[in-house]
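Here are my notes on the model you passed along.

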Amino acid sequence: MERFDRLRGAVPARPHDARAIAALAANPGCGRRAVMDAAGIDKDATATHLGFPAPFGRSPFAITRGNAFEALVKDSGCAELLRLLRELLGLPIPLAAYTDLGDIGGNPSAHLRHAHTLKLIDRAARDDDEAGTLYDHPLLRLEIAGHTSYLEPDVVAFRLAGRFHIVEIKSFAIVDGQAEPDKVAAAARQAAVYVLALRNMLAELGHDPARVSHEVVLVCPENFANRPAGTLLDVRRELAVLRRQLSRMAKVGAIADTLPEDLTFDLAPDADGVPTRPVSELREAVGAVGARYAPECLSTCDLCFFCRDEAAAEGSTELLGRQVRDALGGVATVSEALGLADGTLTPGEGQEEIARLLRLADGIYGVYAEAG
Amino acid sequence: MSERLDALEERINALRAEVRRAVRGRDGALARVLRAELRTAERAWDRALAPQDPAEGSLEDSPEPAGKGARGGDGPGSDGPGSLVPVREQVHEALTLLGVPASARVIVAVHGALRAGSLRGTQLASLRRDEERSFRSSPFARPYYLCAALTDRLSASRGLLTVSTWPQERRAIGPLSPRVDFLTTAIRVGEHILRLEETGEPAPDAARRLLARLAHNVPGVPVPSAAEDAPPDPAVVVRAARAELDVHAGADADARARIAERARARLGDAERLFGGRLLSLAREEAS
């Protein structure tokens with residue numbers, strides 16, 4: 001733990017939200033991200049100080065739109081959602097109970113709300129007959145590399161054949177049965193985080209974690225109207241990736257141990273919170289942990305521009321996307337690949353196969369170039 | 001015209017009395033709101049008098065169109081001309097029509113569709129707090145208060161408004177209550193349209209649209225095909241909503257009765273209307 005505190009410097013660790021945890025699962029191979037997340041480092045501030053501010057931050061319009069759509073779905077005791085669940089999962093008519101787990105009076109702390117969620121979910125899992133059906137604003141907890149993060153899924157639906165379903169409400173449209181694959185994938189990853197947290201909670205309470213369904217109900221506006229429609233999303237694959245990534249983070253100490261003892265990402269902020277650490281020094285420190293850049297990082301990681309710049313400077317094959325990088329296994333840079341292809345470079349041990357393929361490809365291109 | 005002036009004068013007098021009470025109770029915020037209402041009423045009184053007094057008439061730059069009457073405020077803003085009925089009375093009217101606890105969103109929609117009212121969500125934002133302050137400074141001084149619905153933890157349910165004169169059971173929210181109240185809303189809106197039709201008056205389009213929106217989530221109402229965008233038959237909606245309501249009614253009434261029972265046993269007057277504090281929550285945890 002002290003190791004991570006030293007990496008982070010004198011600032012408090014940043015808690016993870018579901019979005020950040022989901023982004024972890026998006027690039028499980030990246031050591032840089034694993035170490036920085038495990039240490040709870042503010043990657044955005046780091047990237048900004050390095051001169052590569054992150055391209056995101058959601059627009060206030062998108063947030064308003066998302067909230068408005070969620071309010072529409074949840075209006076009048078989740079009237080729209082009940083209709084969807086009745087159509088989608090055959091929820092029987094008598095099951096229409098709605099419990100707001102966030103509504104416990106006053107302005108309760110996260111801890112109190114979590115305890116309340118724990119109590120009611122326990123009661124729900126214990127006796128099916130008296131349990132409610134929809135649980136709004138539950139507060140779940142997930143342990144990430146020693147830090148507790150509180151997560152708030154949109155709705156948890158229960159008692160569909162004795163199982164819990166996570167409901168994820170998103171405001172991107174499903175047009176003619178199709179939605180943007182990126183957004184669906186992101187929603188699935190985020191929902192997987194909730195499924196995992198709820199499963200952990202059930203296990204903690206001594207119930208069968210498998211009672212949390214791996215099928216998530218995704219609610220989106222349909223076509224060009226604002227009318228909600230629901231689909232089932234299988235998140236088993238995302239769950240597996242997430243679990244693997246989280247266990248890796250638990251063992252991230254192993255990665256951290258290989259790092260130099262005096263390494264730190266401390267920005268050394270002054271009294272006003274302005275970083276005072278020399279940029280070149282920080283650049284060196286961040287560079288000490290290996291990253292695995294992929295173009296997908298551009299939509300999920302705060303450090304993406306820095307890593308892209310680094311990969312470009314090295315002429316790394318990672319810039320060309322995951323598929324190319326995997327196809328060029330064992331060949332690190334673009335210039336090396338080109339050298340192998342035109343025969344100016346002798347293949348090293350284990351590179352014979354890929355060199356043969358590259359030379360073949362080069363030959364084919366040569367033939368076409370002469371012909372055309 | 002003189003009837004209208006009488007009504008206005010009555011209202012001005014009542015408002016003056018309320019302002020006096022608020023000032024005596026050191027309730028600055030409420031007094032400010034009431035004073036604003038008073039000024040609006042006085043301006044309206046001036047305007048109503050103007051046509052009878054040609055010398056005064058030219059002073060008014062925008063005389064209010066006659067015939068709008070003192071009911072159902074018009075104009076987009078609360079400070080606009082004509083919204084003589086104060087917000088709390090408009091909300092009371094909508095809640096009385098529905099007869100169930102309702103969120104600001106539902107109140108605005110229902111009032112807009114059935115009463116051609118022009119409430120806005122933002123006007124309702126501080127209503128409950130103002131009412132609570134008024135009640136605490138001089139309890140039971142008003143004939144009714146707009147107050148909270150109680151959850152099973154006896155705290156105020158988030159966002160719902162009720163009327164203090166309702167029985168405690170109706171102001172309690174059990175697990176099935178949101179659904180029951182939604183179905184009741186659909187029934188009340190449907191019945192209101194049926195009543196209008198009986199008297200030979202066509203229901204306003206907004207009312208039919210509201211009913212269509214509600215009916216969409218009531219099982220058993222035939223879904224209109226995309227081609228003909230016919231609004232649902234109110235009688236069918238009422239019947240379908242009743243059918244589902246019958247399924248939930250018993251269990252919901254029991255849950256509400258239990259909450260009401262506990263509220264009566266444990267809470268004081270103000271808490272019973274506006275929700276218990278975290279103290280009762282702690283007691284709950286301990287028991």
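**Notes on the model**

1. Chain A has 372 residues, and 40% of them count as buried (20 or more other C-beta atoms within 10 Å of the residue's own, with C-beta atoms placed from the backbone). Keep in mind that this is a predicted model: local features need pLDDT of at least 70, side-chain atom pairs count only at pLDDT 80 or more, and totals for chains, interfaces and linings use all residues. Residues are numbered from 1 along each chain as its sequence is written, while chains are lettered from A and ligands numbered from 1 in the order in which they are written.

2. Chain A holds 14 helices and eight strands (DSSP runs numbered from the N terminus: H or I of at least four residues for helices, E of at least two for strands). Its C-alpha trace spans about 75 × 60 × 40 Å along the principal axes.

3. Now the sheet in chain B: three strands form an open sheet in the order 1-3-2, with antiparallel pairing (two strands pair if DSSP finds at least two bridges between them). Strand 1 (102–103) and strand 2 (146–147) of chain B are at the edges with a single partner strand each, so one side of each lacks a neighbour in the sheet. Strand 1 of chain B is joined to strand 3 (residues 160–163) of chain B by two bridges, and Ala102(B) has Leu161(B) as its bridge partner.

4. Where the chains meet, 20 residues of chain A are in contact with 23 residues of chain B (C-beta atoms, placed from the backbone, within 7 Å). On the chain A side, helix 5 (60–89) and strand 1 (98–100) of chain A are the elements giving two or more residues. Helix 5 of chain A supplies the largest share, eight residues.

Terms used:
Buried ≥ 20, exposed ≤ 12 C-beta atoms within 10 Å, placed from the backbone. Contact = placed C-beta atoms within 7 Å.
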